[in-house]
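This report describes the chains, domains and sheets of one model. The sequence and structure come first, and the description follows.

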Amino acid sequence: MSEIPKDLRYTRSHEWIMTMPDGTLTVGITDHAQELLGDLVFIELPKVGEKLAAGKECAVVESVKAASDVYAPVSGTIAEVNANLAERPETVNKGAYRDGWLFRIKPERPEELGSLLDAAAYKSLVEAEDH
Amino acid sequence: MLIFELSRPGRRNPSQSPGPAAESGDIPPELRRRSRPVLPQVSEMQAVRHYTRLSQKNFSIDTHFYPLGSCTMKYNPRACNAFSMLPQFLGRHPLASPATGQGFLACMFELQEILRDVTGMRAVSLTPMAGAQGEFAGVAMMRAYHESRGDADRSEILVPDAAHGTNPATAVMCGYTVREIPTDEAGGIDIEKLRAAVGPRTAGLMLTNPSTLGVFEKDIQEVQRIVHQAGGLLYYDGANLNAILGKVKPGSMGFDVIHMNLHKTFSTPHGGGGPGAGPVGVNERLLPFLPVPVVARARDGSYFVETEKERPQSIGRLSAHMGNAGILLRAYVYARLLGREGMKRVAEFATLNANYMLARLKSQGFVAAYPDRRATHEFIITLKPLKDATGVTAMDVAKRLLDKGFHAPTTYFPMLVPECFLIEPTETESKEELDAFITAMEEIVREAHDNPDLVRNAPHTTTVRRLDDVKAARELDLRWKVAG
């Protein structure tokens with residue numbers, strides 16, 4: 001069973017979200033997602049300053065098996081991206097919730113956070129997919 | 001070993017070298033090279049052995065079973081190649097006048113008619129040079145149709161989530177936004193979700209039938225009703241035409257436009273990057289928009305080429321001339337060899353072989369992705385139970401199959417099914433060959449339980465062992481450099 005930290009929020013499309021002290025949100029793909037994809041070989045990140053609507057595709061993670069879109073979990077503006085990933089995509093495989101974060105987004109409508117899944121809801125989603 | 005690694009300075013084969021003072025002709029001095037090209041210096045015998053050995057390493061449908069099927073490589077009869085290579089065809093200039101090319105034009109006209117007949121469409125244009133170009137032509141015609149009616153708000157193309165990636169790519173290339181329709185439990189399109197998705201913005205639905213999941217879209221009548229009632233058009237992706245050839249016609253299913261991959265179904269190898277041919281067929285509604293040139297027959301029985309002049313509403317040209325003429329000729333010969341009845345047999349045997357394999361694999365304990373559905377010309381099994389029990393993955397099993405003399409089937413596609421094999425035997429395999437493959441699969445499962453490392457480290461007997469595809473993708477290095 002993949003790791004699902006209790007203190008994070010999740011989406012149905014396998015992104016995780018952590019609220020930072022300054023109100024921005026750190027976003028990555030879950031351990032389950034990196035496990036499904038396998039060894040990542042290329043990651044395309046959004047541009048800092050890019051404005052996104054919730055659910056809009058904004059990054060691509062590519063493994064030898066497949067390329068997958070990553071979606072903006074909430075509406076907002078990209079505040080920072082994890083530039084280390086360009087050279088070292090395997091960082092996501094090694095620590096999806098740590099050094100493998102993808103980008104930080106400044107939310108436009110904080111109320112959208114309410115529609116994200118908590119750890120328990122995400123866990124049952126993964127289990128249902130894994131039946 | 002590369003032939004460059006055999007090279008020794010001064011070793012050469014003088015009888016086949018050009019003379020020392022080859023004429024540079026009219027090439028201006030500033031464009032002439034000043035250094036000598038780096039070429040391998042080997043003896044004639046070394047060159048002969050090097051290339052003969054390389055050719056012996058070929059893994060091909062001529063030597064082995066290839067369950068990637070028509071998706072990559074079904075058997076293409078020798079005669080199709082031989083006839084399309086007749087000097088009269090090869091020597092014909094594409095700009096030669098129709099009067100001197102009546103034989104070629106007659107073949108193209110008849111091929112249009114044959115494809116029209118086998119798909120149930122109103123007319124066919126042969127000009128797209130690949131499947132993706134055929135898709136582009138098809139969706140461009142849908143766009144032209146809506147625009148000709150002043151129906152300009154239709155901005156969405158619906159695509160099932162099981163579709164080939166080219167479908168959404170085509171829709172985007174034609175200026176549409178893509179809306180994904182989920183698949184239901186039985187592998188079909190989710191009808192309720194489709195009903196909820198259509199509306200005044202719907203330009204059309206792109207559908208592969210049988211689908212990429214290896215099942216026939218049972219609700220096609222309902223699907224076509226829903227899309228047409230919303231004012232959309234129905235696009236048929238011919239990727240899996242092999243399964244229904246001559247048995248069911250896309251035109252009868254209500255499709256408005258279709259592309260065919262002649263390089264899958266009609267006797268041209270598919271894998272290897274082409275050239276291909278992606279003719280398009282249309283019904284009455286889309287007829288004016290068909291890409292040109294199209295071959296027509298005059299009252300006196302002679303053939304001529306229709307262009308923008310005769311077809312002013314055409315979406316235009318997709319190639320300078322008549323498309324990939326050599327591929328079209330192969331398709332023509334194939335169709336004439338089979339005849340109308342033979343086409344049906346292609347579909348019947350392709351489907352029979354797939355269902356035989358599915359039934360036998362199921363009885364050996366393999367898990368079908370859609371156990372309640374009959375297979376079309378291909379089917380999917382999931383090796384997830386094997387992975388859970390032994391840690392051996394679908395990729396490991398695929399590599400072990402190479403040791404046993406079989407090409408691996410498609411792995412990890414479609415992504416909807418975990419640890420999957422997509423198996424397509426095609427119509428030309430004998431029962432003995434299918435049985436041998438099933439035996440190999442049983443052996444590998446036994447090995448996975450008894451000696452999992454044997455499978456995990458496969459292949460053991462091939463020229464190269466398992467490649468590090470992750471390293472290859474991360475540190476791409478395609479160029480060999482001269483040492484020193």
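Domain bounds, as used here, come from an automatic or database domain assignment.

## Model and confidence

This is a predicted model. The scores for the model are an ipTM of 0.70 and a pTM of 0.86. For chain B the average pLDDT is 93, and 98% of its residues score at least 70. Where pLDDT is low, the predicted coordinates should not be read in detail.

## Domains of chain B

Chain B is assigned domain 1, covering 78-338, and domain 2, covering 344-472. Taken over C-alpha atoms, the centres of domain 1 of chain B and domain 2 of chain B are separated by 31 Å. In the contact between them, domain 1 of chain B supplies 19 residues and domain 2 of chain B supplies 18 residues. On the side of domain 1 of chain B that touches domain 2 of chain B, 10 residues are nonpolar, 7 are polar and 2 are charged.

## Sheet and helix in chain B

An open sheet of 4 strands in chain B has the order β10-β11-β13-β12, with antiparallel pairing. Its edge strands are β10 (367-368) and β12 (410-411) of chain B, each of which pairs on one side only. Strand β11 (residues 379-382) of chain B pairs with strand β13 (residues 420-423) of chain B in the antiparallel sense, over 4 bridges. One of the residue pairs joins B:Ile380 to its bridge partner B:Leu422 in β13(B).

Helix α11 (residues 325-363) of chain B lies across β10, β11 and β13 of chain B. The helix runs at about 20° to β11(B).

## A hairpin in chain B

Strand β8 (residues 294-297) and strand β9 (residues 303-306) of chain B pair in the antiparallel sense over 4 bridges. B:Arg297 has B:Tyr303 in β9(B) as its bridge partner. The hairpin of β8(B) and β9(B) has 5 residues between the strands, and in this hairpin B:Gly301 takes a positive phi near 90°.

## Chain A

Chain A contains 3 helices and 9 strands. Along the sequence, the elements of chain A follow the pattern β-β-β-α-β-β-β-β-β-α-β-α. The C-alpha trace of chain A spans about 35 × 35 × 25 Å along its principal axes. A compact globule of 131 residues would have a radius of gyration near 14 Å, and the 14 Å of chain A agrees with this.

In chain A, 3 strands form an open sheet in the order β4-β6-β7, and the pairing is antiparallel. β4 (40-44) and β7 (67-71) of chain A each have a single partner strand and stand at the edges, so one side of each is left without a neighbour in the sheet. From one strand to the next the twist averages 25°. β4(A) pairs with strand β6 (residues 57-63) of chain A in the antiparallel sense over 4 bridges. Within this pair, A:Glu44 has A:Val60 in β6(A) as its bridge partner.

## Contact between the chains

How many residues does the contact take from chain A and from chain B? Chain A gives 5 residues and chain B gives 6 residues. The side of chain A that touches chain B consists of 3 nonpolar and 2 charged residues, with no polar ones.

Note on methods: Residues are numbered from 1 along each chain as its sequence is written. Chains are lettered from A and ligands numbered from 1 in the order in which they are written. This is a predicted model: local features need pLDDT of at least 70, side-chain atom pairs count only at pLDDT 80 or more; totals for chains, interfaces and linings use all residues. Two residues are in contact if their C-beta atoms, placed from the backbone, lie within 7 Å. Ala, Val, Leu, Ile, Met, Phe, Trp, Tyr, Cys and Pro count as nonpolar, Asp, Glu, Lys and Arg as charged, and the others, Gly among them, as polar. pLDDT is the predictor's confidence in each residue, from 0 to 100. Two strands pair if DSSP finds at least two bridges between them. Helices (H or I, at least four residues) and strands (E, at least two) are DSSP runs, numbered from the N terminus. Axes are lines fitted to C-alpha atoms, for helices over the stretch in contact, and angles run from 0 to 180 degrees between N-to-C directions. The radius of gyration is taken over C-alpha atoms; the globule rule is 2.2 Å times the number of residues to the power 0.38.
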